[in-house]
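Let's go through this fold together, asking at each step what a term rests on.

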Amino acid sequence: MMKHILILGANGGLAQTVIPVLLENAEIRLTLLSRNVANLQRFASERVEIVQGDVMNLAQLESLMQGVDMVYANLAGNLEPLAQNVVQAMEKRGVKRLIWISSMGIYGETGEDHGAILAPYRRSSAVVEASNLDYTLIRPGWFTNGSEIDYQLTRKGEAFKGHSVSKRSIAELIAKLVERPEYAVRESLGIARV
């Protein structure tokens, strides 16, 4: 059974690592949405549709939800209104499963004060957590470009372990969530190498 995944912010460094990992599974079809699609052309195939657009365009976002099984959002910038649009479009179209990339530290779980830098992540995550969606929040440590798959997960309410994590490790977790959509539903997972 073919699974259709909509990737928002597909041009981001993390998404660029995730896309080839997801495509290893022949049962997966991707729609890649980005404001800048030049770097995405290398992924074009019969299983990959590339769409230039903006998550802030609610009508476009809603139309892209047609026939989608899962949304993976890898967004940057003014995250709270982006989260509101994603939740609204998914709820309107009846798409339930969301993977949302946030940041370590949004609950104070690292024991460090990251200051105002985390405010957009905190607010957008609160929007996702207040929704009726089957979300999984992923709270990664600092990204590295290493090829190792080495990570430990922490749940919301637990102290965050480690500081950094390879993008390849996060891709592995996302692939697991895609293959097992019932895993970690309505959970917030910290991910880092310990």
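Q: What makes the eight strands an open sheet, and in which order do they stand?
A: The order is β3-β2-β1-β4-β5-β6-β10-β8, with mixed pairing. β3 and β8 (152–155) stand at the edges with a single partner strand each, so one side of each has no neighbour in the sheet. From one strand to the next the twist averages 20°, where axes are lines fitted to C-alpha atoms, for helices over the stretch in contact, and angles run from 0 to 180 degrees between N-to-C directions. Strands here are DSSP runs of E with at least two residues, helices are runs of H or I with at least four, and both are numbered from the N terminus.

Q: What kind of model is this, and which pLDDT limits apply?
A: This is a predicted model, in which local features need pLDDT of at least 70 and side-chain atom pairs count only at pLDDT 80 or more, while totals for chains, interfaces and linings use all residues. Residues are numbered from 1 along each chain as its sequence is written, and side-chain values use heavy atoms, leaving out hydrogens and water.

Q: How do you know that β1 and β2 pair, and in which sense?
A: Two strands pair if DSSP finds at least two bridges between them. Strand β1 (residues 3–8) and β2 have six bridges, in the parallel sense, so they count as a pair. As one example, K3 has I28 in β2 as its bridge partner.

Q: Why is the crossover from β1 to β2 called right-handed?
A: The term applies if, with the strands pointing away from the viewer, the path from the first strand over the helix to the second runs clockwise. Here the chain crosses from β1 through helix α1 (residues 13–23) to β2, and this β-α-β crossover is right-handed.

Q: Why is β2 called largely enclosed?
A: Buried means under 20% relative accessible area, exposed means over 50%, and partly exposed lies in between (1.4 Å probe, protein chains only). Six of the seven residues of strand β2 (residues 28–34) are buried, so the rest of the structure largely encloses it. Strand β6 (residues 134–140) also has six of its seven residues buried, so it too is largely enclosed. Helix α1 is mostly covered, with eight of its eleven residues buried, among them L14, V18 and L22.

Q: How is β6 tied to β5 and β10?
A: Five bridges join strand β5 (residues 97–101) to β6, and the two run parallel; I99 has T136 in β6 as its bridge partner. β5, helix α4 (residues 119–129) and β6 make a right-handed β-α-β unit. β6 also pairs in the parallel sense with strand β10 (residues 187–192) over five bridges, and R139 stands opposite G190 in β10.

Q: What makes a space a pocket, and how much of it lies in the largest pocket?
A: On a 1 Å grid over the protein atoms alone, a pocket is an open set with protein on both sides within 12 Å along at least five of seven lines, whereas a cavity is a set of points where a 1.4 Å probe fits but cannot get out; lining residues have an atom within 4 Å of a point. The largest pocket holds about 330 Å³, the volume being the space filled by probe spheres set on grid points, which are joined across faces, edges and corners. Its lining has 17 residues, with S102, S103, Y121, P140 and F143 nearest the centre. α1 and β7 (142–144) are the elements giving two or more residues to this lining.

Q: Is A184 buried or exposed?
A: A184 has a relative accessible area of 5%, so it falls under the 20% limit and is buried. Its phi is near 60°, a positive value in a residue other than glycine.
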